[in-house]
Amino acid sequence: MLDFTSVGTDRHRLTYRTEVTEQLELGSVLRPAADFAEGGYYLTGGSVVQSMGLTSAEVVDLFEEGYVVRLNGTVYPSAGELTLETVCRSARRALDETGQRT
């Protein structure tokens with residue numbers, strides 16, 4: 001699951017957890033190959049916070065690639081629908097709730 005928190009009306013910080021699998025045991029080191037992943041090595045089973053945000057369109061693109069997305073606390077399963085309008089509305093609402101929207 002890709003977890004996004006809106007930091008602007010068109011900027012979303014990505015946090016994702018590196019999953020433990022049979023091949024990647026807890027604590028092993030990996031380097032994600034996904035386009036959204038910044039370079040670097042991470043411990044399996046840990047959470048990774050990307051330093052640069054993604055645009056609303058990039059969030060929708062990742063959803064359309066089949067990722068499950070959690071946006072500002074709401075989960076959008078891959079079988080659901082997530083549109084650019086939905087992402088922008090969620091960002092405005094989240095920023096209004098935290099008093100960060102200008």
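Two strands count as paired if DSSP finds at least two bridges between them. Helices (H or I, at least four residues) and strands (E, at least two) are DSSP runs, numbered from the N terminus. The model is predicted: local features need pLDDT of at least 70, side-chain atom pairs count only at pLDDT 80 or more, and totals for chains, interfaces and linings use all residues. Residues are numbered from 1 along each chain as its sequence is written, and side-chain values use heavy atoms, with hydrogens and water left out.

**View 1. The protein has two helices and seven strands.** Along the sequence the elements follow the pattern β-β-β-β-β-α-β-β-α. The C-alpha atoms fill a box of roughly 45 × 30 × 20 Å along the principal axes. Of the 102 residues, 35% are buried; buried means under 20% relative accessible area, exposed over 50%, and partly exposed in between (1.4 Å probe, protein chains only). Contact means heavy atoms within 4.5 Å. Among contacts between residues at least 6 apart in sequence, 49% join residues at least 24 apart.

**View 2. Five strands form an open sheet in the order S5-S2-S1-S6-S7, with mixed pairing.** Strand S5 (47-49) and S7 are the edge strands, each pairing on one side only. Neighbouring strands of the sheet are turned by 25° against each other on average, direction ignored. Axes are lines fitted to C-alpha atoms, for helices over the stretch in contact, and angles run from 0 to 180 degrees between N-to-C directions. Strands of a sheet pair through backbone hydrogen bonds, either parallel or antiparallel. S6 and S7 run antiparallel and are joined by three bridges, with valine 69 standing opposite tyrosine 76 in S7.

**View 3. S1 and S2 form a hairpin with two residues between them.** Six bridges pair the two strands in the antiparallel sense. Leucine 2 has tyrosine 16 of S2 as its bridge partner. Tyrosine 16 also stands opposite valine 48 in S5, and S2 and S5 run antiparallel over three bridges. In a regular strand the side chains alternate between the two faces of the sheet. In S2, His12, Leu14 and Tyr16 make up the covered face, while Arg11, Arg13, Thr15 and Arg17 make up the uncovered one.

**View 4. The largest nonpolar core holds 18 residues.** A nonpolar core is a set of buried Ala, Val, Leu, Ile, Met, Phe, Trp, Tyr and Cys residues joined through side-chain atoms within 4.5 Å. The members that touch the most others are Leu2, Phe4, Leu14, Tyr16, Phe36, Val69 and Leu82. S1, S2, H1 and S6 each supply at least two residues of this core, and the largest share, four residues, comes from H1. Leaving out residues up to four places away in sequence, phenylalanine 4 touches His12, Arg13, Leu14, Leu54, Val59, Leu62, Val69, Arg70, Leu71 and Asn72.

View 5. Thr86, Val87, Cys88, Ser90, Ala91, Ala94 and Leu95 are the buried residues of H2. The 15 residues of H2 should span 21 Å at 1.5 Å a residue, and the end C-alpha atoms are 21 Å apart, which agrees; the expected span is 1.5 Å times one less than the number of residues. Glycine 99 follows H2 and has a positive phi, near 75°.

**View 6. Threonine 86 lies in helix H2 (residues 84-98).** Threonine 86 counts as buried because its relative accessibility is 16%. Its side chain makes a polar contact of 2.8 Å with the side chain of threonine 83. A polar contact is a pair of N or O atoms within 3.5 Å; within protein, one must be able to donate a hydrogen and the other to accept it, and residues adjacent in sequence count only if both atoms are side-chain atoms.

**View 7. Proline 77 sits in the loop between S7 and H2.** With a relative accessible area of 45%, proline 77 is partly exposed. Apart from neighbours within four places in sequence, proline 77 is in contact with Phe63 and Val68. The C-alpha atoms of proline 77 and leucine 14 are separated by 17 Å, and the two residues are 63 residues apart along the chain.
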